[in-house]
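Thanks for coming. I will go through a few local features of one model, with the cut-offs as I reach them.

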Amino acid sequence: MSILGALHNRRGTGALTQAAIVAVSFLLALAAGGLLLLMQGHDVLPIYYYLLIQPFTSPDSLVKVLVKATPLIFAGLSVAIAFKCDVFNIGVEGQLYAGALAAAALGAGVSGLPPALHVLVCVLGAMLTGGVLALIPAWLKVRFRVHEVISTIMMNYVINNVVTLVIVDYFRHSGPTPRTPDVLPSARMTQLAPPSQLNTGFLLAAALCVVLYVLVQRTPLGWRIDAAGKNLCAARYSGINSKRLVLTAMLISGALAGLLGAERVLGGFGYLQVNFSPGYGYDGIAIATIANNNPFGCLLMALLMGLLSYGGTNLNIMTDVPSEWVNVLSALIFVFVVAANAVICRLPALREKRRSMKRRVQP
């Protein structure tokens with residue numbers, strides 16, 4: 001099995017098994033991270049208190065965790081729907097920038113609309129932009145067999161640089177930081193806990209988890225996507241239009257990435273700033289992989305990543321441990337989960353090999 005296949009092709013694990021794997025991997029990561037801290041002479045208990053417990057001690061801290069988690073939910077769902085169809089959309093980072101630019105342009109340039117309609121226009125424009133750009137590598141895959149990993153990675157650089165060029169040369173707002181003008185008040189998503197950035201985008205992300213779960217588990221399209229994810233060639237020979245399915249999955253994935261960009265512009269910042277994403281698209285790959293492409297798993301993992309992200313800020317303030325240590329902890333969780341799933345995927349083959357050896361030695 002290839003490395004890319006090992007990242008997401010783990011169909012043998014059920015929801016409860018996967019949850020147990022994640023829980024054990026999290027504990028192992030905490031143990032390994034604690035050992036590293038001890039080797040550096042740090043006191044582990046206060047560090048884990050500020051990282052994992054302190055964020056739950058006040059409503060304001062909980063709000064900040066949800067703010068951190070909101071874009072990660074969209075990112076995880078975007079990657080998961082493509083991975084579910086055996087398509088590697090590594091271009092979420094570029095697609096969310098394109099969606100953010102569309103939302104910023106429509107939010108600042110279109111006037112005279114009621115607030116709800118204006119937000120809807122901006123969101124649909126962002127989703128359409130992200131979806132269309134995701135269709136380009138999907139079309140190259142089904143038409144010319146260009147591997148989507150290569151094309152989406154290359155498109156990330158192209159899109160990001162084009163968006164930067166457009167912001168700096170055409171939409172540059174006065175000020176030291178390259179950014180677009182503020183979107184109109186009618187284009188802003190409702191703030192749930194001002195002055196924080198928590199907005200209705202979080203509720204939308206949670207609702208999308210339910211919608212995508214129903215889509216995958218209860219609809220013919222979801223059944224075809226799941227069948228294609230298990231074996232795209234077998235699905236093709238069973239009569240499923242695999243090319244159309246790849247295009248559909250990438251369209252949905254890109255649209256969700258564009259929605260992420262719209263949430264950051266309309267609900268978070270109120271404008272589009274150059275290099276605003278700390279790597280949401282790449283975080284989405286880790287979230288979808290650990291969650292086994294389950295929408296509710298993506299929600300829980302995004303909340304955990306949001307907790308670690310906010311807790312890392314606490315570490316920077318309250319201790320002498322740099323916030324980058326949280327990235328090490330997240331990487332450990334990812335490694336343990338992937339390793340556990342790789343072992344589980346190989347267990348049936350190992351059992352069959354053992355049975356074959358027993359049959360050979362028997363008289």
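**Salt bridge, helix pair, surface patch**

Asp 60 and Lys 64 are four residues apart in helix H4 (residues 59–84), so about one helical turn separates them. Helices here are DSSP runs of H or I with at least four residues, numbered from the N terminus. The two residues form a salt bridge, with the closest N and O atoms 3.3 Å apart. The rule is a side-chain nitrogen of Lys or Arg within 4 Å of a carboxyl oxygen of Asp or Glu, and by it the count comes to five salt bridges.

This is a predicted model, where local features need pLDDT of at least 70, side-chain atom pairs count only at pLDDT 80 or more, and totals for chains, interfaces and linings use all residues. Residues are numbered from 1 along each chain as its sequence is written, and side-chain values use heavy atoms, without hydrogens and water.

Next, helix H8 (residues 200–218) and helix H13 (residues 295–318): their axes, lines fitted to C-alpha atoms over the stretch in contact, come within 8 Å and cross at roughly 150°. Angles run from 0 to 180 degrees between N-to-C directions, and over 145 counts as roughly antiparallel, so H8 and H13 are roughly antiparallel to each other. In the contact (heavy atoms within 4.5 Å), H8 supplies Phe 202, Cys 209, Val 210, Leu 212 and Tyr 213, and H13 supplies Pro 295, Phe 296, Leu 299 and Leu 303.

Last, which helix gives the largest share of the nonpolar patch? Helix H2 (residues 15–39) does, with three residues, and Leu 36 lies in that helix.

Terms used: Helices (H or I, at least four residues) and strands (E, at least two) are DSSP runs, numbered from the N terminus. Angles under 35 degrees count as roughly parallel, over 145 as roughly antiparallel, 65 to 115 as roughly perpendicular and the rest as oblique.
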